[in-house]
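Biologist: Could we go through this entry together? I would like to begin with the annotated regions and then turn to the ligands.

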Amino acid sequence: MRGALIGCGFFAVNQLHAWADIDDVAIVALCDRDPARLALVGEQFGIAARYTDAEAMFAAQALDFVDIATTPPSHRYLVEQAARHRVPVVCQKPFAPSMEDARAMVDAAEAAGIALMVHENFRWQTPILAVRDVLASGSIGRPFWGRISFRSGYDVFSGQPYLATGARFIIEDLGIHILDVARCLLGDATRLTARTQRINPAIRGEDVATMLLDHADGAVSVVDCSYASRLAREPFPETFIEIDGTEGSLRLTQDYRLGVTGSDGTSEQDVSPPLLPWASRPWHNIQESVLNIQRHWVRTLRARTTPDTSGRDNLKTLALVHAAYESAASGAAVQLG
Ligand code: NAD
Ligand code: 89V
């Protein structure tokens, strides 16, 4: 499979390492409007076909897919361009700055008959896959309550300076992953209430968010995120999960420990992600999920099936993000359609 990648920035390097790990896939062309970034990443991965303009790349290259790793303002333009060229597309999260853009991107891909997957990778982390397995086994029964929590004091701004300057921060960048995990584990939400806080005076957007979700099948969950939490042992980038079910409970706690209590008693296992050769701590958990989701994309593209985090599926995660900002602004609960 011949792929191309657009946007050779901070995170794209992980995506390029992961593509290199997948058999029969080659990234044959790169695009970035910044010539210095394009040259640096092109040299690092030995990719000679380099473009500063995506249209020129689509015109010159025969591609089986394109991987868009730019920041959100360019996503709609680039996805629509891929659709015009009938090239299946993976697009990084946040899918789009607005619901209107996101719906237009889904419509464009569907009209062109191409696959569209949002690179929503947290649900593909090894510890979260382990939680999904416990729920699927039925050993804790029907989940009725959950807490999905990401609290940290890690400096994300040094690697991603744009995170400090946007009017919106933690829900749009990080909460989006945690809300997607809540959907993946407990099903779609029907109502959401949120409160936000800005603790770090050096940034523009909110860095703490607390959300309450009603799920369609009656479960209730708390989704909470913080980049302002100074803790005894920094857990970045671990997501902690508590779920109570009718027959038991599970707890994913620090250092990737998963405890499960069911009718057979309590067990605890280490569900740490492997440290891939190109990965580095503490990012290795996220880095491995990049490989997992890209493998999923290749499998679905070959089998002509719909990826789990298709553009259409991701509209529901993005709707939670927008509902959270709406609820935080008004103080009221937001009903989801
Ligand atoms: P970045 O600013 O470091 O890199 C973006 C690159 O895209 C830059 O090199 C820029 O020049 C290029 N670019 C922008 N618009 C372009 C266009 N129209 N044509 C060609 N090139 C263009 O950003 P980043 O930190 O790498 O983040 C990129 C995306 O990845 C964001 O959407 C971010 O939220 C996401 N991200 C995801 C994860 C994850 O775990 N899924 C982690 C970090 C970042
Ligand atoms: O995963 C992400 O989207 C990153 C980070 C973990 C720093 O929030 O931006």
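Biologist: How far apart are the end C-alpha atoms of residues 2–118, and what are the helix and strand percentages of the span?

Modeller: The end C-alpha atoms of residues 2–118 lie 19 Å apart, and the span is 44% helix and 21% strand. Helices (H or I, at least four residues) and strands (E, at least two) are DSSP runs, numbered from the N terminus. Please note that this is a predicted model: local features need pLDDT of at least 70, side-chain atom pairs count only at pLDDT 80 or more, and totals for chains, interfaces and linings use all residues. Residues are numbered from 1 along each chain as its sequence is written, while chains are lettered from A and ligands numbered from 1 in the order in which they are written.

Biologist: Which UniProt annotation covers residues 2–118?

Modeller: The unreviewed UniProt entry gives "domain: Gfo/Idh/MocA-like oxidoreductase N-terminal" for residues 2–118. UniProt positions are given in the numbering used here, feature names are shortened, and annotations may be inferred rather than shown by experiment.

Biologist: And what does UniProt place at residues 129–251?

Modeller: That stretch carries the feature "domain: GFO/IDH/MocA-like oxidoreductase", again from an unreviewed entry in UniProt. Over residues 129–251 the chain is 21% helix and 34% strand, with the end C-alpha atoms 14 Å apart.

Biologist: Into which domains is the protein divided?

Modeller: There are domain 1 (2–114) and domain 2 (123–279 + 310–335), with bounds that come from an automatic or database domain assignment. Their centres, taken over C-alpha atoms, are separated by 27 Å. The contact takes 13 residues from domain 1 and 13 residues from domain 2; two residues are in contact if their C-beta atoms, placed from the backbone, lie within 7 Å.

Biologist: Which helix gives the largest share of the side of domain 1 that touches domain 2?

Modeller: Helix H5 (residues 99–112) does, with six residues. That side of domain 1 divides into nine nonpolar, two polar and two charged residues. Here Ala, Val, Leu, Ile, Met, Phe, Trp, Tyr, Cys and Pro count as nonpolar, Asp, Glu, Lys and Arg as charged, and the others, Gly among them, as polar.

Biologist: On to the ligands. How many residues surround ligand 1?

Modeller: Ligand 1 is surrounded by 26 residues, the closest being Gly7, Gly9, Phe10, Phe11 and Ser74. A residue is near a molecule if its C-beta atom, placed from the backbone, lies within 6 Å of it. The shell around ligand 1 holds 11 nonpolar, nine polar and six charged residues, and at least three residues come from each of domain 1 and domain 2.

Biologist: Which residues surround ligand 2?

Modeller: Val156, Gln160, Asp173, Leu174, His177, Pro237 and Ile286 do. Helix H7 supplies the largest share of this shell, three residues. Four residues of the shell are nonpolar, two polar and one charged.

Biologist: One more topic: why is Ala115 classed as partly exposed?

Modeller: Ala115 is partly exposed because 19 other C-beta atoms lie within 10 Å. A residue is buried with 20 or more other C-beta atoms within 10 Å of its own, exposed with 12 or fewer, and partly exposed in between; C-beta atoms are placed from the backbone.

Biologist: Where is Ala115, and what does Ala115 touch?

Modeller: Ala115 is in the loop between H5 and strand S6 (116–119). Not counting residues up to four places away in sequence, Ala115 touches Pro88, Thr300, Leu301 and Pro307.
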